[in-house]
Amino acid sequence: MGEIPEGYDVHHSNFDKENNNISNLVLLTKEEHKKIHLSHKTKKSPEKKTKFICKVCGCEYESVNRGNNNYCSQKCKKLAERKRDMKIKTCEICGREFSTSDDAKFCSKKMLRGIS
């Protein structure tokens, strides 16, 4: 078939990506290709949903078994990302441990005022 021009995709006519027979391949614009797959997807039976447990809040939720299904919502996903960026530090004044995402040296503003 040769090189695929920019802005084009090769479509498998029978939707079988393993069948690379030249008679099964069609060159389409990316937009045409997307429309065909969206149309095909809506004609199929609804995708089966699976139950998952959110790794942040622990609630049970259903989702199509694809991609990253660790979180029940965008809110929980963002919270997990923030927690991942947190560091455990020890306050230089009182010695108490605290979490921070920056280079803080004190556990609270009260401690910071205490050294001024």
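Author: A residue is called buried under 20% relative accessible area, exposed over 50%, and partly exposed in between. The model is a predicted one.

Reader: Why is Phe15 called partly exposed?

Author: Phe15 has a relative accessibility of 31%. Phe15 is found in the loop between strand 1 (8-12) and strand 2 (25-29).

Reader: What makes the phi of Phe15 worth a remark?

Author: Phe15 has a positive phi of about 65 degrees although it is not a glycine. Most residues other than glycine have a negative phi.

Reader: How do you know that Lys30 forms a salt bridge with Asp9?

Author: The criterion asks for a side-chain nitrogen of Lys or Arg within 4 Å of a carboxyl oxygen of Asp or Glu. For Lys30 and Asp9 the closest N and O atoms are 2.9 Å apart, so the pair is a salt bridge by this criterion. This pair links distant parts of the chain, with Lys30 in helix 1 (residues 30-43) and Asp9 in strand 1, 21 residues apart. Lys30 itself counts as partly exposed, at 44% relative accessibility.

Reader: What makes the contact of Asp103 with Lys87 a salt bridge, and where do the two residues lie?

Author: The closest N and O atoms of Asp103 and Lys87 are 3.6 Å apart, and the limit is 4 Å; therefore the pair is a salt bridge. Asp103 lies in the loop between strand 6 and helix 3 (109-114) and Lys87 in strand 5, so the pair ties together parts that are 16 residues apart in sequence. At 61%, Asp103 is exposed, whereas Lys87, at 37%, is partly exposed.

Reader: Why are Glu60 and Lys51 called exposed?

Author: Exposed means over 50% relative accessible area. Glu60 has 52% and so counts as exposed; Lys51 has 52% and is likewise exposed. Their side chains meet in a salt bridge of 3.7 Å, N to O. By this rule the count in the model comes to 4 salt bridges.

Reader: How do you know that strand 5 and strand 6 pair?

Author: Pairing requires at least two bridges between two strands. Strand 5 and strand 6 are joined by 4 bridges, so they pair, and they run antiparallel. Lys89 stands opposite Phe98 in strand 6. The two strands form a hairpin with 6 residues between them, and Gly95 in the turn has a positive phi of about 85 degrees.

Reader: Which residues does Arg96 touch beyond four places in sequence?

Author: Arg96 touches Lys89, Thr90, Cys91 and Cys107. Arg96 lies in the loop between strand 5 (87-90) and strand 6 (97-100).

Reader: How many helices and strands does the protein have?

Author: There are 3 helices and 6 strands, in the order β-β-α-β-β-α-β-β-α from the N terminus on. Buried residues make up 16% of the 116 residues.

How values were computed. Residues numbered from 1 in each chain as written. Predicted model: local features only at pLDDT ≥ 70, side-chain atom pairs only at ≥ 80, totals over all residues. Heavy atoms only, no water. Contact = heavy atoms within 4.5 Å. Buried < 20%, exposed > 50% of the residue type's maximum accessible area, 1.4 Å probe, protein only.
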